[in-house]
Every structure is written in structure tokens, then in C-alpha cells.
Amino acid sequence: MKFRGGVHPSYHKDTAGLQIETLPLLHRYVVPIAQHLGAPGKVLVAKGDRVARWQPLSEPVGFVSVSVHAPTSGTVKQVAALPHPLGRPMLAVEIESDGEDRPWDGLAPPADWRTLDPAVLRRAIQAAGVVGLGGATFPTHVKLSPPAEKKIDLLVLNGAECEPYLTADHRVMLEQAAEVMEGLGLMMRVLGVTRACVGIESNKPDALEALRRACPADVAAEFMLLETKYPQGSEKHLIYALCGRRVPPGGLPMDVGCVVQNVGTAVACLEAVRDGLPMTERVATVTGAAINVPHNLRVRVGAPLLDVLAHCGGVTPDVGKVIFGGPMMGIGQFDLDVPLIKGTSGVLCLRDDEAARFEGGPCIRCGACVDACPMGLVPSAMGLIAERFRFEELGDWHVLDCIECGSCAYVCPSRRPLVQHFKRGKAEWRGILEERRAKSERDAKRAETAATA
Amino acid sequence: MTLEPGTGPDGAPTEPATPVADPITPQDLIVSASPHVHAGQDVPWIMRQVLLALLPGLLVGLWFFGLGALRVLVVAIAGCLACEWACARLVKRPATLRDYSAVVTGVLLAMNLPSGCPWWLVLIGSAVAIGLGKAVYGGLGYNPFNPALVARVFLLISFPVQMTTWVVPQGPGTALDAATGATPLGAIKEAVGLGRTVAEAGAPGLRDLLLGNVGGSFGEVSALALLLGGLWLLWRGVIRWQVPVAFMAVTALVTGVAHLADPAHHASPLVHLLGGGLMLGAWFMATDMVTSPVTRRGLLIFGAGCGLLTAVIRLWGGYPEGVSFAILLMNAATPLIDRWTRPRVFGEARQLYREADAA
């Protein structure tokens with residue numbers, strides 16, 4: 001099924017033919033404690049400690065929380081607030097590599113997922129610090145633990161990779177097809193589902209073929225080539241495209257019986273159980289017209305961006321923008337002294353003249369954004385409302401349903417910074433809702449005390 | 001074993017940790033919210049496409065009405081640009097001449113005027129279009145009514161004689177004080193008013209209506225040239241099909257029914273489609289983005305409303321022509337239509353939407 005809206009940006013998937021190369025060991029790694037959505041873990045190491053590869057640097061606090069692990073063996077130089085790709089400094093562990101790459105002796109023993117209990121698998125996945133590698137970095141074990149009242153009958157494997165430029169998932173599907181499918185089987189076992197759908201955009205038929213060939217006999221997966229249209233990889237739109245179910249506004253995939261996982265996450269889950277290895281690396285595409293030698297790189301989490309850029313021949317002098325992620329939803333970096341983290345699907349270096357400027361002229365009501373919005377919102381009207389700071393009104397326009405895909409701003413002839421408006425609008429509207437909730441709670445309490453007095 | 005700079009753990013060399021000889025500093029980087037790329041179109045591009053699309057109709061008009069039409073065109077463009085500049089200056093905002101929107105307004109206004117109207121009338125029209133039609137609301141994007149049509153209707157009501165004195169097209173040599181005659185729709189309306197039939201009105205044939213060899217505002221005469229331009233805009237993705245198609249279909253439908261019921265007193269729907277300002281209105285005036293709805297469903301309603309009002313005014317109103325009034329009336333209804341046709345949010349049940357809207 002095809003979803004309404006969406007855009008067709010130039011795909012620039014020039015790196016699709018580049019084999020994954022492993023970034024050599026570096027001298028220094030900076031591992032932020034917060035690399036996932038949810039509560040950051042509690043730090044387990046201090047300055048001067050010696051750590052081994054795969055040793056946990058933090059432990060989860062609560063359910064929606066995971067550990068981070070040392071990418072190599074070495075000495076902890078500092079535990080401090082350091083520059084983070086999300087924009088503000090956050091607590092991180094800096095490790096000076098000792099070059100030995102000595103493995104931690106506390107690793108879980110290798111195990112066969114086919115014989116393990118789902119609860120055991122879930123614990124192994126959380127202990128390995130596995131998060132969604134599609135970019136949102138939601139802890140995977142949480143997604144694999146739906147509440148009992150939500151009956152899950154379909155696992156969706158997301159191989160859409162609809163962001164332009166990025167080809168990391170594409171390469172993983174080609175080069176690690178067997179592991180992707182094993183990982184899928186593992187996750188199906190955790191969820192207790194018998195049906196899985198693999199969705200891949202039509203520009204990657206080779207990936208679909210590779211996965212189909214690698215699919216083990218005991219993993220019941222359906223494969224579907226989807227329209228190449230951004231944002232095909234958005235959870236809600238992927239589910240709709242694959243099986244016609246519509247996730248309700250404000251809802252989650254589990255509300256329609258689905259769980260969506262990225263292909264890279266499947267591999268990470270498998271490695272966590274089969275090899276007992278925590279997630280300390282990922283594949284990232286380093287590309288763009290402003291990088292000298294584009295690469296698909298297997299990067300250890302915590303690798304400094306400058307070292308990654310250096311490995312790719314450095315950036316050209318006309319570099320204008322360095323983005324973590326793709327050009328539609330990635331995050332523009334203002335400080336190059338940041339590490340690559342679990343959610344870094346790519347590093348995109350745009351030339352100065354390629355980077356769009358959203359100066360924001362007047363809205364001419366052309367309706368291009370309304371046509372483009374895959375969520376059925378009216379970005380033109382919402383932009384005008386946000387511009388006037390009428391955030392309460394923005395709530396009535398379903399601003400919380402905005403997935404920030406950027407399709408509206410991408411087509412806006414007046415170059416209005418619509419996504420920026422909606423990011424702020426969502427935060428403000430959430431604040432208003434929170435305030436209202438707190439007030440009604442206070443009122444209830446007051447009424448209660450008045451009644452008892 | 002310790003790690004020497006430039007040596008990996010297995011003795012293999014690693015690159016130094018500086019990416020370029022001249023390291024980039026944070027000041028060199030652009031930092032802004034996503035997205036980081038753009039499809040490429042901008043407002044001046046859209047306006048240029050409209051101007052290009054207007055060219056065939058404009059050239060036909062200039063051919064049939066000669067110097068008079070050229071004079072109207074030049075004065076209208078110059079007047080609109082001057083007024084745009086003056087208005088921006090008055091409110092101390094940067095001049096917005098470069099977005100071409102004032103040029104488009106000027107050209108559209110000119111095409112909506114008789115070629116023989118005096119220069120001062122055109123100037124007044126330009127001032128009304130830009131000043132009262134656009135600038136008072138805050139400029140491009142904020143005006144509720146189509147500026148060129150505001151000016152045309154203002155002039156029609158204030159200067160009815162000059163605005164309905166139609167030059168008979170005589171080719172490029174048409175003199176400035178050329179003979180005057182009636183528009184096809186005007187001739188029909190007058191004949192029927194005098195108790196005669198449509199056939200007796202002596203209206204021009206379909207060929208003349210298509211090519212533009214008829215009386216009227218100088219830019220509205222050639223249905224064929226305007227249609228070509230309109231289709232080109234559609235192909236370029238500048239306008240959406242809903243407005244012109246609904247506009248023309250409903251006009252044809254209503255005038256067609258009237259014609260079938262009483263062919264003696266109501267012209268055929270073809271005359272209504274090709275005559276008067278319908279082509280110019282349906283393809284270039286009603287499709288004005290600022291003053292029409294944003295959703296496709298809304299545009300369909302908007303176009304249908306324009307068609308209905310045009311037909312009603314032409315068939316039963318006092319004026320022979322109703323396109324301008326129809327579009328302006330529907331402009332006024334645009335906010336309401338937008339409200340009414342708000343799209344359903346992805347995943348939202350029909351029921352839920354109604355409740356949310358009622359609340």
C-alpha cells in the first residue's frame with residue numbers, strides 16, 4: 001500500500017557499492033553515557049581506572065535504560081561533560097587506548113538463541129546495551145517487551161533506509177544477510193510471533209534478494225519491495241505500506257500489533273546472544289560532496305569525529321555543514337570534537353552551496369507542504385501559528401503527530417524553517433500539557449484536603 | 001605494548017588525528033535544524049513560471065489590440081512595481097521587487113483591462129492592486145483577495161464607462177482611438193435583454209473565440225493561448241488541476257443545462273467557456289495560491305464555487321461577465337473552506353476527527 005504525501009529528494013546513494021571497511025583502532029575514544037532514549041545509566045568507572053574491551057562503563061537505572069561499554073581496553077582519562085552530537089555537553093567517559101584491545105573477562109558465554117527462553121534473551125539484549133540503530137536509539141529490549149494487553153502478531157524489519165546518502169543498512173543487508181535473518185528469527189522468538197515482514201525500498205532489490213537467500217528455513221519472513229519515497233522508513237508509514245494497518249495518532253506500532261526493528265539492530269541482537277558481545281560498534285556511512293574519500297565504515301562507538309573524517313581523507317575546504325545522520329532528519333554539528341555514537345547512521349559533509357538556507361519568507365499558501373506531509377497535517381497553517389507563539393492553538397493542529405521528517409520544509413518555496421517551528425512547538429505544547437496536568441492534580445489534592453478538614 | 005602515534009595496535013600505520021591541513025573551526029560550519037537540503041524551487045521561480053505561462057495570451061492580445069494594449073501593459077507593470085517599492089518604503093521593510101510578484105500582478109491587471117482605457121486609469125488600478133489589494137494586509141502571502149481582481153472590480157465600479165469601452169481588434173495596427181464594439185457575452189446579454197434570441201445577437205464564432213479575434217479585456221480574448229499557458233503551468237507543477245477543472249466543469253454544466261432548457265435565450269456552454277474572462281480567470285486568477293485554499297479537496301470546492309457563481313452571474317445577473325466577482329467571492333470563502341477541508345491526520349479514525357473538530 002502506498003502512503004499519502006512524502007517527497008522524492010535526490011538520493012545520492014553513491015556509496016552503495018562501497019564495502020564496509022573497519023576503522024583502525026584509535027588512540028582515544030569518548031563514550032557518552034546517554035546514547036539512547038530513556039534514562040542515562042549510572043557510571044561504573046572513575047578517572048584512572050583500567051578498562052577492558054566490552055567492559056560496561058555504566059549500568060542501567062530502571063527499565064528504559066541501557067549500559068554503554070568500553071570500545072577498547074585502556075585507561076579512563078576523565079569522566080566529565082563533553083561535547084555530544086545532540087548539541088550540548090553530556091556526561092561521557094574518555095578512554096585512552098592501550099593498544100592491546102584486551103577483551104573483558106566477564107563476557108557472557110556464547111549461546112544458541114533457538115534454545116533460550118524469551119526472558120533470558122531480553123536480559124541479554126539489555127545487558128549488551130542494544131538500542132535501535134535506525135537513528136531513534138530506543139532501547140531494543142523495551143520494544144521487545146510489549147505490555148501483555150498488546151497482542152503482537154507481526155515483526156517488521158526495517159530495511160527501507162529512505163534517508164538520502166545513507167547506505168549503511170544497505171551494506172549490512174548485503175554483507176551480513178545471514179546475521180540479519182538470524183537476528184530477525186531471534187527477535188521473533190523474543191516476541192513470540194510467527195510472522196515477520198521485511199520492507200525494503202525498491203532502489204535496493206539486491207538487498208532484498210540477499211536477505212531472501214539467507215533466510216533460514218525456520219524463520220517465516222515475507223519480503224516486500226516498497227516504493228522509493230521519503231519517508232518510507234518511518235515506522236508508521238512502513239507498517240502501513242507493508243500491511244495496511246494505521247497506527248493511531250499518538251499511538252505506537254504495538255497498538256496495531258506490530259514491532260518495528262532496524263536491520264542493524266537485528267545483527268546487534270544476534271551478536272549479543274550468539275557471541276555474548278555488547279554493542280560497541282556500528283556501521284556508518286561517511287559521505288557527501290565535501291568529504292574526500294567516502295566510506296562505509298564499521299566504527300567503534302565513541303570514535304572521535306575528527307579521526308573518522310581523517311580516515312576518509314579529510315573534508316574539502318568548501319565544507320559548509322557536517323551532519324550526523326541523513327540530510328532530511330540528521331543533526332547539524334557545530335563542534336567537530338564529538339564522538340560517533342550508537343545512533344550515528346552516517347556522517348554527511350555538505351558543501352557550503354549544497355546546504356539549504358531556510359531564511360523564511362512569507363507563506364504564499366501554495367499548499368506544497370500540505371501535499372508533502374505524510375502525516376496529513378497542514379504545515380503552512382501550523383508554521384504561521386508557531387511563528388506567533390500561539391502554542392496552545394498548535395496543539396489543536398496535532399503538532400505532536402509531526403514526525404519531523406522535513407518533507408514540508410524540503411518543498412517550501414519560501415524556505416520557511418517549518419521543522420524548527422514544529423520542534424519548538426512540540427516542546428512548548430508538551431510543557432503546556434504537563435502544566436495543565438500538574439494544576440489539575442494540585443486542584444484535586446486541594447479539594448481532598450478541604451473535604452477532610 | 002604501548003600505542004605510538006601513527007601506529008595501530010598491530011603495527012599498521014594509522015592516520016594522524018587532523019582531518020585537513022587547515023583545520024575547520026566551528027565558525028566555518030552552518031548549524032541549523034533539519035532538513036539540510038531543499039527541492040530547489042523558490043517564490044521568484046514560481047512567479048517566473050506564471051509570467052512565462054501568460055506569455056502566449058499576452059502576445060495574442062498585443063497582436064490584436066496593438067499599441068493601446070502595449071501602453072496598458074507597460075503602465076500597469078511600472079505602476080505596480082513603483083507602488084510595491086513605495087509601500088515597502090513606507091513601512092520601512094526591505095523592498096520585495098525581486099520576488100516578481102508585483103510584475104505578475106501588473107501583467108494580470110493589464111490583461112484584465114480594455115486596451116483603450118486611459119493611462120491614469122491603469123495607474124489608479126495599479127495603486128489599488130498593490131496598495132489596497134496587498135500591502136495593507138502585510139504584503140505577499142497575507143492578502144485575502146486577488147490584488148489584480150480587487151483593482152479590476154474597483155475600476156469597473158468607479159469608472160464603468162472607460163472599463164466597458166471595448167476596442168474592436170484590428171491587428172497590430174489597431175489605432176489608439178480605434179472603433180469600439182461589444183464583447184461576445186455583452187452582445188448576447190444585450191440582445192436577450194431586448195427580447196431577441198442568442199442567434200440574433202451576432203456573436204462571433206468559436207474560431208474567433210479560440211484565437212482571440214473578439215472584443216474584451218486585452219489579455220482575456222484568446223481562449224487557446226491562455227489554455228496553452230495554463231496547461232504548461234500544470235505540467236510544471238506550479239498549479240494544481242482542481243481549480244481550473246472544477247471551475248470550467250461547473251460553468252459548463254450550469255450554462256449547459258440553461259442552454260438545453262432555453263437555447264433561444266442562453267448561449268451554448270462552449271461560448272461561456274471560451275468567451276469572456278473564463279480562461280484567464282480559471283487558469284491564472286483563481287489559481288492564485290495566496291487567495292485559494294491549501295488542500296486539494298478545498299481547491300475542488302473553491303473551483304466549483306467559482307464556476308457556479310460565474311454561471312449564475314452571467315445567466316441571471318446584471319453584468320454580462322461574472323468571473324471577477326465569482327473569484328473574489330470565493331476568495332472570501334477560502335479561510336472557511338480551509339477549515340472545512342482540513343486533512344485527516346494519518347491513522348485518525350473518521351469518527352475521532354469529527355469529535356475533535358466539534359470540540
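In chain A, A:V30 stands opposite A:E94 of strand β7(A). The model that contains this pair is predicted. Strand β7 of chain A spans residues 90-97 and pairs with β2(A) in the antiparallel sense, over 5 bridges. Both strands belong to an open sheet of 4 strands, ordered β2-β7-β6-β4 in chain A, with antiparallel pairing. The edges of the sheet are formed by β2 (28-32) and β4 (50-51) of chain A, each of which pairs on one side only.

Two loop residues of chain A were examined individually. A:P40 lies in the loop between β2 and β3 (42-43) of chain A. With a relative accessibility of 44%, A:P40 falls between the 20% and 50% cut-offs and therefore counts as partly exposed. Apart from neighbours within four places in sequence, A:P40 is in contact with A:I33, A:A34, A:V61 and A:S65.

A:Q55 is located in the loop between β4 and β5 (58-59) of chain A. The relative accessible area of A:Q55 is 18%, which is under 20%, so this residue is classed as buried. The side chain of A:Q55 reaches the backbone nitrogen of A:A52 at a distance of 2.9 Å. When neighbours within four places in sequence are set aside, the contacts of A:Q55 are A:V45, A:R50, A:V68, A:H69, A:A70 and A:W104.

Helix α6 of chain A is mostly covered, with 8 of its 9 residues buried. The buried residues of α6(A) are A:K236, A:H237, A:L238, A:I239, A:Y240, A:A241, A:L242 and A:C243. These buried residues pack against four strands of chain A, namely β8 (154-159), β9 (196-201), β10 (221-226) and β11 (258-262). A:G244 follows α6(A) and has a positive phi, near 80°.

Chain B contains 14 helices and 2 strands. Of its 359 residues, 52% count as buried. Among contacts in chain B with a separation of 6 or more, 72% are between residues 24 or more positions apart.

The interface between the chains brings 76 residues of chain A into contact with 54 residues of chain B. Chain A and chain B bury about 5300 Å² between them, and 62% of this area is on carbon and sulfur atoms. A:H27, A:I364 and A:R365 supply 13% of the area that chain A buries against chain B, more than any other three residues.

Polar contacts across the interface of chain A and chain B involve 23 residue pairs, counted where both residues have pLDDT 80 or more. The count of salt bridges between the two chains is 3. In one salt bridge, the side chains of B:R240 and A:D371 meet at 3.1 Å, N to O. On the side of chain A that touches chain B, at least two residues each are supplied by α6 (235-243), α8 (305-311), β14 (319-324), β15 (331-332), α9 (368-372), α10 (379-387), α12 (407-411) and α13 (418-452).

Methods
Residues numbered from 1 in each chain as written. Chains lettered and ligands numbered in written order. Predicted model: local features only at pLDDT ≥ 70, side-chain atom pairs only at ≥ 80, totals over all residues. Heavy atoms only, no water. Pairing = 2+ DSSP bridges. Buried < 20%, exposed > 50% of the residue type's maximum accessible area, 1.4 Å probe, protein only. Contact = heavy atoms within 4.5 Å. Buried area = accessible area lost by both parts, 1.4 Å probe. Salt bridge = Lys/Arg side-chain N within 4 Å of Asp/Glu carboxyl O. Polar contact = N/O pair within 3.5 Å; in protein donor to acceptor, adjacent residues only side chain to side chain.
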